[in-house]
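Have a look at the model below before reading on.

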Amino acid sequence: MENNTDDNRDDQNEPLPWWHKFCLRCHQPDPTPSWQPSWWSKFFPFPIFSTFRQSAQQICIIAFFLLTWGILYVEIGEPISLQGELLSMTLLVIAAYLIGWIWLKITTLPALIGMLLTGIAFQNLHLVHMTDTYRKLNQDLRKVALVIILMRAGLGLDASVLKKHYAAVLQLGLIPWLVECICIAVFTHFLLSLPWIWAFLLGSMIASVSPAVVVPCLFRLRDAGYGVSKGIPTIVLAAAAIDDSISVAIFAIILNAMFSSGSPTFNIIKGPLSIVAGIVLGSSWGALVSVIPEKGDIYVVPLRFLALFLGGLFSLFISSFIGWSGAGPLAIVSSGFVAAFYWDKQGWPINRNPVSNLFRILWIFFEPILFAFTGAQITITALDPEVIKMGAICLVSCLVLRVIATYAISFGCGLNSKEKLFIGLTWMAKATVQAALGPAALDLINSGQTAGYPVQDETYYSKAILAVSVLSVILSAPIGAICIALTGPRLLSRNDGPKKVSVENPPENPATVQHL
């Protein structure tokens with residue numbers, strides 16, 4: 001018995017073969033005990049294949065997409081047939097999800113990059129073709145994804161953290177965004193020949209930070225104890241939510257002013273009014289949702305989820321319909337924030353409540369839809385090489401300026417030089433807002449609306465904005481993720497004591513981190 005044990009120990013000390021290490025990058029063991037059929041390990045041994053739990057999850061998600069296609073085929077017929085356009089769009093989303101998952105496991109970089117590249121590949125290999133018939137569907141699905149992004153940002157805001165670190169959150173959430181917005185506008189005005197209003201439209205979108213990249217990376221650092229003592233992950237996440245909210249609202253206000261046929265004076269006044277209206281109406285809806293349904297209702301979780309989700313959809317669509325586009329995004333964030341504030345008092349922790357988990361699950365489905373459809377609007381042969389070259393110069397230059405600005409304005413936040421530099425580097429990643437808003441101007445041009453410029457010029461401006469937005473994701477998302485992973489352990493102090501469950505360090509389910 002002792003010899004056998006020694007032999008086993010010797011076997012365990014032997015280095016793993018390369019293929020075993022490669023498989024472990026793609027397939028991790030389950031974090032908690034799981035059940036599997038008795039025959040599973042015989043035919044699908046781990047780690048060559050995923051565990052039964054992980055495989056079942058992937059099969060369920062693919063089955064849901066296929067079932068949706070089957071229902072639509074029965075009801076719609078030819079458009080969803082094997083030669084139909086809707087089927088190619090469904091296959092694009094499934095492929096984007098799978099390739100994004102493989103990309104995440106192999107490279108540890110955000111899955112959204114693989115999803116975006118899948119959309120670009122499908123478009124340029126002529127595997128998918130979106131005609132005007134389904135262009136509106138594409139736009140509406142991106143709006144739904146935007147609602148999910150903004151609602152999660154609102155639900156993730158912690159009032160106690162904002163009260164404790166309000167100066168740091170506002171400094172980091174507003175000033176770097178403003179600096180990058182202005183820099184992007186100036187650079188693209190002179191390098192891409194965009195009119196000032198178009199340049200600021202692009203700047204307001206590009207300046208947004210992506211929670212889809214920043215959140216998982218910060219959670220991994222936080223779980224390892226880095227930056228927890230000063231609450232840096234919490235401060236950064238709160239500031240990112242403010243950054244996203246302002247970015248989407250300002251973009252909507254500028255876009256609405258450009259394509260509005262009303263009085264310029266009224267459009268200028270309508271901007272601040274829409275901000276106030278959005279915050280007031282959203283806060284009122286969030287407060288109402290905290291009371292109705294009643295907290296002891298057996299169906300309280302789905303009812304609260306539907307109230308926030310449908311309320312968010314309504315506010316986004318109705319604000320766009322009546323020409324007050326800036327109100328919708330802020331109403332969504334405000335409703336999520338106020339609802340989470342009152343739910344916290346009722347025993348549901350911030351961003352760890354059942355409604356937040358439902359929005360996480362919903363994002364699993366809409367993430368590949370958003371990034372695949374955005375990538376599918378890029379035709380490489382139609383891109384102007386000069387736009388790509390100048391766009392890359394603008395993006396890299398403005399990212400560097402944003403890092404410098406973030407470092408410079410972090411005074412009074414109680415951070416040392418290394419921590420200031422780290423926060424500046426985390427502010428580099430772009431993804432979700434750029435994918436959701438990048439095609440917006442081109443959609444309006446294609447629908448026949450005009451901003452007062454010649455149609456040929458407006459088409460160039462809108463395509464340039466789309467190209468730069470996609471380029472910003474491809475360049476900044478991997479750079480941002482790598483910078484956070486590499487510099488976090490070197491620039492942040494580590495808390496080696498036992499982790500405490502608190503506002504600064506709430507518990508996290510590792511199985512859901514990759515989907516954030």
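By about how much of the helix are Lys 389 and Glu 386 separated in α17? The two are three residues apart in helix α17, which means about one helical turn lies between them.

## Ground rules

What you have here is a predicted model, where local features need pLDDT of at least 70 and side-chain atom pairs count only at pLDDT 80 or more, while totals for chains, interfaces and linings use all residues. Residues are numbered from 1 along each chain as its sequence is written, and side-chain values use heavy atoms, with hydrogens and water left out.

## Helix α17

Let's stay with α17, which runs over residues 385–409. (Helices here are DSSP runs of H or I with at least four residues, strands are E runs of at least two, and both are numbered from the N terminus.) Its 25 residues reach 36 Å from first C-alpha to last, close to the 36 Å expected at 1.5 Å a residue; the expected span is 1.5 Å times one less than the number of residues.

At the start of the helix, a side-chain oxygen of Asp 384 comes to within 3.0 Å of the backbone nitrogen of Glu 386. That is a polar contact: a pair of N or O atoms within 3.5 Å, where within protein one must be able to donate a hydrogen and the other to accept it, and residues adjacent in sequence count only if both atoms are side-chain atoms. Further along, the buried residues include Met 390, Cys 394, Cys 398 and Arg 402. (Buried is under 20% relative accessible area, exposed is over 50%, and partly exposed is in between, using a 1.4 Å probe and protein chains only.) The buried residues of α17 pack against α9, α10, α12, α18 and α21, with contact taken as heavy atoms within 4.5 Å.

## Charged pairs

There are five salt bridges in the structure, each a side-chain nitrogen of Lys or Arg within 4 Å of a carboxyl oxygen of Asp or Glu. One of them joins Lys 389 and Glu 386 at 3.6 Å, N to O. Lys 389 is partly exposed at 44% relative accessibility, and Glu 386 is partly exposed at 37%. Elsewhere, salt bridges with shared partners link Glu 180, Asp 243, Arg 402 and Lys 430 into one network.

Lys 430 is in the loop between α18 and α19, so here the parts tied together are 250 residues apart. Are these side chains buried or exposed? Arg 402 is buried at 1% relative accessibility, Glu 180 is buried at 1%, and Lys 430 is buried at 1% as well.

## Thr 118

Over in helix α6 (residues 111–124) you'll find Thr 118. At 4% relative accessibility, Thr 118 counts as buried. A polar atom of its side chain lies 2.6 Å from the backbone oxygen of Gly 114. Leaving aside residues up to four places away in sequence, Thr 118 touches Leu 92, Ala 95, Ala 96 and Ile 99.

## The second largest pocket

The second largest pocket has a volume of about 820 Å³. Its lining takes in 30 residues, with Lys 143, Leu 255, Ser 320, Ser 325 and Leu 444 nearest the centre. Helices α7, α12, α14, α19 and α20 each supply at least two lining residues.

Grid points are joined across faces, edges and corners, and the volume is the space filled by probe spheres set on them.

Terms used. 1 Å grid on protein atoms, 1.4 Å probe; cavity = no way out; pocket = protein on both sides within 12 Å on 5 of 7 lines; lining within 4 Å.
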